[in-house]
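Hello,

I am passing on the structure we spoke about, with some notes on what was found in it. Please look it over before reading further.

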Amino acid sequence: MPANLMTKSQMKKLAEQASGIGQPGGDARVKEITNRLLFRLMQVIDECDVSMEEFWAGVGFIAQTAKNNEFGLLVPGVALEHFLDLRLDEADKKAGIKGGTLRTIEGPLYVAGAPLSKGEARMDDGTDPGEPFVIEGRVQGEDGNIIAGAIVDIWHANSKGGYSFIDGEQAPYNLRRRIETDEKGGYLARSIVPNGYGCPPESCTRMAMNALGRHAERPAHVHFFISAPGYRKLTTQFNFTGDKYLYSDFAFGTREELVVTLERVTDSAAIRNAGFNRPFAKATFDVTLTKERAGAPKTEVAREHVMAA
Ligand SMILES: [Fe+2]
């Protein structure tokens, strides 16, 4: 069939009818967004002359993605989660908020309710032969004030790029900890250096990336939620210099300001002091939170999270 068979007014009318526009009842916000989505979708179908087969293959792809519970992976893969961060950055700028550590995507693999400890934590269960790792830093406010009692919620993959709870191979909450900052605002985590990971071979997300001629890999990274009373919750990550996929993260999570160079510690006294028996890697990641204030864009997002029993 040729493209552009429909007039704009035909599509506009149909989208409005389907969205209940001009009719009483329903949710005004849902009606408005549905109307705009439907109208744009009809335009794309008509402009690109999407065939019946292509349309139903698309519906099947969405259905399979839902069946796999995979939207949390597809959404960052098509840059939408990063897009939401960029919008929030702009909203912050407009509200006159600056000086905080940059945010970046949460990703799909957070598990709520990790063990909580004060000042420091051991994150790995000792079974991973990966490189020992120390992550340490300080949480402060935008004025440089120390924030004691902030909760630093950290999660990362193991040396094979797998996440506990998700991969079914690791103990519950392995490599997931919450640390309350000490009186100097400090936190310290002992762990193993994570590896990057790719989308599962059979996943819809990898299938989509293949069709788009893109890879489906992430560089190694460490995830953070940081919160403290009176401050805006921060969702962020850091990456490591030298990673093959650092600047081509399929999930658009890398931000230059959040790239950390790992220090390799080989001094035997320093190794002993850190509680290890072999050389280890060290990352310093200081965090600045911005104060909660009237009119500040919301950063605490209601989103469904699993809990490991
Ligand atoms: Fe991740």
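This is a predicted model: local features need pLDDT of at least 70, side-chain atom pairs count only at pLDDT 80 or more; totals for chains, interfaces and linings use all residues.

Strand 5 has two partners. With strand 6 (residues 176–180) strand 5 runs antiparallel, and 5 bridges join them; here Ile 151 stands opposite Glu 180. Strand 10 also pairs with strand 5 in the antiparallel sense, over 6 bridges, and Asp 153 is placed opposite Phe 225 of strand 10.

Next, the nonpolar cores. The largest has 28 residues, and the members touching the most others are Val 139, Val 152, Ile 154, Ala 189, Ile 226 and Leu 289. Two or more residues each come from strand 4 (132–141), strand 5 (151–156), strand 7 (186–192), strand 10 (221–227), strand 11 (234–240) and strand 15 (287–289). Strand 4 gives the most, with 4 residues. Leaving out residues up to four places away in sequence, Ile 154 touches Met 123, Arg 177, Ile 179, Ala 189, Val 222, His 223 and Phe 224. There is also a second, separate core of 11 residues, among them Cys 204, Met 209, Ala 216 and Ala 251.

Last, helix 3 (residues 52–67). Its 16 residues reach 22 Å from first C-alpha to last, close to the 22 Å expected at 1.5 Å a residue. Helix 3 is hardly covered, with 0 buried residues among the 16. Asn 69, which follows helix 3, has a positive phi near 55 degrees.

Regards

How values were computed
Residues are numbered from 1 along each chain as its sequence is written. The expected span of a helix is 1.5 Å times one less than its number of residues. A residue is buried if 20 or more other C-beta atoms lie within 10 Å of its own, exposed if 12 or fewer, and partly exposed in between; C-beta atoms are placed from the backbone. A nonpolar core is a set of buried Ala, Val, Leu, Ile, Met, Phe, Trp, Tyr and Cys residues joined through C-beta atoms within 7 Å. Two residues are in contact if their C-beta atoms, placed from the backbone, lie within 7 Å. Two strands pair if DSSP finds at least two bridges between them.
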